[in-house]
Amino acid sequence: MKRLISAAMLAIGTAAGAAHAGSACTLLADAATRTILIEEGDCARRTTPASTFKIAISLMGFDSGVLKSAHGPVMRFQPGYADWRPEWKEDTDPARWMKLSVVWYSQQVTTLLGKERFRHYVDAFNYGNRDVSSGLTKAWLSASLAISPREQLDFVERVVRHELPVNLRAYSLTEQITELDPLPGGWRLHGKTGTGTNDGEAVGWFVGWVEKDGRSIVFVRRVLESEDKPGPAGLRARDAFLRTLPGMLNTLQAR
């Protein structure tokens with residue numbers, strides 16, 4: 001990848017990570033040119049992808065036909081499914097799955113894919129360490145599958161550039177269900193949080209991309225913190241990052 005980190009942009013990135021100095025990574029890159037615009041913090045160490053892996057599962061599901069549309073199939077909640085968040089105890093479709101990060105829906109999709117097809121997609125995506133030995137329903141949940149922020153950046157760039165071995169419909173529907181509220185300045189936002197644990201630390205992710213006037217900027221934010229903090233680390237990572245992202249984008253536009 002090309003690297004282009006101006007002093008102004010680096011200062012913004014450093015401010016974004018100041019609250020978690022030494023334990024955070026912030027990456028921004030131009031998807032078209034693969035130019036890294038910001039790289040700040042520890043971005044090489046692999047951790048669990050946690051629920052950011054739902055972007056990959058979405059592509060697998062829509063490409064294979066296991067997932068049909070943004071609202072189909074609706075899967076029924078069953079006793080015994082992952083239910084540690086009250087809002088997960090309801091029937092769920094793909095849009096609701098992505099919005100509320102419903103773990104059991106992911107597990108049903110990967111189960112329907114089957115072991116061989118699931119492993120094939122992870123290998124074809126060159127996703128992190130590609131280790132799915134923990135199984136169809138657990139590999140990405142603080143288990144065997146691990147990925148670094150730099151590898152996340154590469155994966156999301158390939159999503160945006162449509163360079164993965166999936167059909168166009170899989171890209172289109174994944175883009176649809178990952179879209180979030182727009183940012184100031186007219187930027188369309190796509191993203192996914194993730195919360196997990198890694199070697200006694202809480203892992204908080206927010207990864208995705210923004211689009212405006214034909215330009216796409218890919219981003220990765222990961223925070224490692226103590227496990228005793230209340231609430232999902234991924235939501236903290238997202239909220240802190242979104243407070244700084246408009247300023248970063250304004251600086252980019254001014255260049």
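Which residues form a disulfide, and how far apart are their sulfur atoms? The pair is Cys-25 and Cys-43, with 2.0 Å between the sulfur atoms; a disulfide here is a pair of cysteine sulfur atoms within 2.5 Å.

Before I continue, a word on conventions. This is a predicted model, in which local features need pLDDT of at least 70 and side-chain atom pairs count only at pLDDT 80 or more, while totals for chains, interfaces and linings use all residues. Residues are numbered from 1 along each chain as its sequence is written, and side-chain values use heavy atoms, with hydrogens and water left out.

To return to the disulfide: a search of the whole structure finds one. Cys-25 belongs to strand S1 (residues 24-30), whereas Cys-43 sits in the loop between strand S2 (35-41) and helix H2 (54-64), so the bond ties together parts that are 18 residues apart in sequence. Helices (H or I, at least four residues) and strands (E, at least two) are DSSP runs, numbered from the N terminus. The torsion about the S-S bond of Cys-25 and Cys-43 is about 100 degrees, and the disulfide is therefore right-handed. Cys-25 counts as buried, at 0% relative accessibility, and Cys-43 counts as buried at 1%. Buried means under 20% relative accessible area, exposed over 50%, and partly exposed in between, with a 1.4 Å probe and protein chains only.

Let me now turn to the chain as a whole. The chain has eight helices and six strands. From the N terminus, the order of elements is α-β-β-α-α-α-α-α-α-β-β-β-β-α. The radius of gyration of the chain is 17 Å, close to the 18 Å that the globule rule gives for 255 residues, so the chain is as compact as a globular protein of that length. That radius is taken over C-alpha atoms, and the globule rule is 2.2 Å times the number of residues to the power 0.38. The C-alpha trace spans about 50 × 40 × 30 Å along its principal axes. Of the 255 residues in the chain, 53% are buried.

Next, the sheet. In what order do the six strands of the open sheet stand? The order is S2-S1-S6-S5-S4-S3, with antiparallel pairing. S2 and strand S3 (179-180) stand at the edges with a single partner strand each, so one side of each is left without a neighbour in the sheet. Two strands pair if DSSP finds at least two bridges between them.

We may begin with S1. Seven of the seven residues of S1 are buried, so this strand is largely enclosed by the rest of the structure. Ala-24, Thr-26, Leu-28 and Asp-30 point one way from S1, while Cys-25, Leu-27 and Ala-29 point the other way. In general terms, side chains in a regular strand alternate between the two faces of the sheet. S1 pairs with S6 in the antiparallel sense over seven bridges, and Ala-29 has Val-218 in S6 as its bridge partner. S1 is also joined to S2, by six bridges, with Leu-27 opposite Glu-39 in S2. These two strands form a hairpin with four residues between them, and Arg-34 in the turn has a positive phi of about 60 degrees.

On to S5. Of its 12 residues, 10 are buried, and S5 is mostly covered. Strand S4 (residues 188-198) is joined to S5 by 11 bridges, with Thr-193 partnered by Phe-206 in S5. In the hairpin of S4 and S5, two residues separate the strands, and Asp-199 in the turn has a positive phi of about 50 degrees. S5 (residues 201-212) is also joined to S6 (residues 215-226), by 12 bridges, and Val-207 stands opposite Val-220 in S6. Their hairpin likewise has two residues between the strands, and there Asp-213 takes a positive phi near 50 degrees.

Finally, helix H5. Which residues of helix H5 (residues 115-124) are buried? They are Phe-118, Tyr-121 and Val-122. These residues cover an arc of only 100 degrees around the axis, which puts them on the same side of H5; the arc is that of the directions from the helix axis to the C-beta atoms. Glu-116 and His-120, on the other side of H5, are exposed. Just after H5, Asn-126 takes a positive phi of about 50 degrees.
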